[in-house]
Amino acid sequence: MKAFFSEEQLLHSPRQFMRLGRISAPTDLPSRAENLQQALAARGIKVEAPADYGRKPLEHVHSADYLDYLETAFARWQALKAPGVDPGPEVLPNLSPYYNGRIDAAGRGPCPSPSIVAQTGYYLSDLSCPIGPQTWRSALRSTHSALAAADHVAGGGGVAYALCRPSGHHAHRDRAGGFCYLNSSAAAASRLLQTWSKVAVLDVDAHHGDGTQNIFYQRPDVMTVSLHADPAGYYPFYTGYAHERGHGAGEGYNLNLPLAHGCGNAEFLQALDTALDALAGYAPEALVLPLGFDTYKDDPISVLRLDIDAYRDIGARVAGLGVPTVVVQEGGYMVEAIGPALDAFLEGFDRGGK
């Protein structure tokens with residue numbers, strides 16, 4: 001297995017996020033990536049830095065106006081400083097846009113205001129995505145790791161792991177959310193479509209992959225499947241329900257499998273078998289696996305109760321599909337657990353692929 005990661009992904013070091021009405025200490029720490037690298041090294045898996053793909057490949061999954069915003073937001077925020085004006089140390093929204101009838105099949109369009117304050121409310125969906133001086137570069141290089149993994153797999157590599165941090169699956173076409181700025185899983189799927197005509201995304205993070213669903217919801221060439229905690233009482237709340245099956249040409253190519261809070265290995269693996277049956281029917285030529293470890297029983301923001309053995313079983317079952325696979329790292333915030341969880345997953349994947 002090949003693995004890809006750029007040290008520049010560590011540069012994003014958030015200082016705050018809002019949780020239940022309180023400014024809280026961040027959980028998406030650079031140390032997450034460091035522990036995952038240690039797990040790869042223990043298995044003898046060499047980590048390579050990805051090439052610099054720039055932002056062009058991301059324009060297949062994100063709007064140009066949104067990319068422009070992310071790239072320039074911090075500098076423009078700092079430029080607000082003036083007598084009597086003291087912007088915070090990171091870019092965060094203090095308003096939300098209202099619906100004004102502009103949304104159509106092509107999306108809602110660019111923010112109608114040139115104000116950085118207005119655009120921040122427009123392009124950041126919540127208070128968990130602070131933009132600091134290195135956020136754009138870190139998020140961009142995170143997507144480059146996913147693109148490099150996709151290129152390796154498309155070139156006959158079989159399987160590759162992208163150590164993506166910051167995470168990506170909550171990033172919509174034109175909106176950040178849930179610690180996610182750029183959608184690495186969607187970028188990998190789009191890249192694989194240059195080689196194959198049918199690609200699937202199987203998301204096993206604790207949270208619904210709402211951004212990935214949004215990007216591919218009207219398309220039949222990418223089937224999106226997500227196992228996650230029931231969103232009725234869990235982020236992202238507004239999407240991730242079983243009745244969401246796609247729209248237009250994408251009708252029937254989206255599958256959500258929400259899980260009761262508190263469920264453990266058996267319930268999760270049963271849902272995974274349902275997902276794999278659906279994927280077998282779709283017969284994808286390649287797979288993207290957004291892999292989260294925030295399903296772990298002791299994760300600080302999880303409501304699911306998986307133990308380390310579950311990740312070994314997940315790896316074995318997914319490998320059993322027998323299709324070229326790009327594994328994209330998503331959540332997991334108990335730093336001490338994510339290394340062992342990745343090790344178990346890799347052990348299972350290796351076993352299931354034989």
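Visitor: In which sense do strand S7 and S8 pair, and over how many bridges?

Guide: This is a predicted model, in which local features need pLDDT of at least 70, side-chain atom pairs count only at pLDDT 80 or more, and totals for chains, interfaces and linings use all residues. Residues are numbered from 1 along each chain as its sequence is written, and side-chain values use heavy atoms, with hydrogens and water left out. Strands (E, at least two residues) and helices (H or I, at least four) are DSSP runs numbered from the N terminus, and two strands pair if DSSP finds at least two bridges between them. For S7 (residues 222-229) and S8 the sense is parallel, over six bridges.

Visitor: How many residues of strand S8 are buried?

Guide: Buried means under 20% relative accessible area, exposed means over 50%, and partly exposed lies in between (1.4 Å probe, protein chains only). Strand S8 covers residues 254-259 and is largely enclosed by the rest of the structure, because the buried ones among its six residues number five.

Visitor: How many disulfides does the structure hold?

Guide: A disulfide is a pair of cysteine sulfur atoms within 2.5 Å. Cys129 is buried, at a relative accessible area of 0%, but its sulfur is 6.6 Å from the closest cysteine sulfur, in Cys180, too far for a bond. A search of the whole structure gives a count of zero.

Visitor: At what angle do the axes of H8 and H9 cross?

Guide: Axes are lines fitted to C-alpha atoms, for helices over the stretch in contact (heavy atoms within 4.5 Å), and angles run from 0 to 180 degrees between N-to-C directions. The axes of H8 and H9 come within 6 Å of each other. Residues making the contact include Tyr311 and Ile314 of H8 and Ala341 and Phe345 of H9. The crossing angle is roughly 35°.
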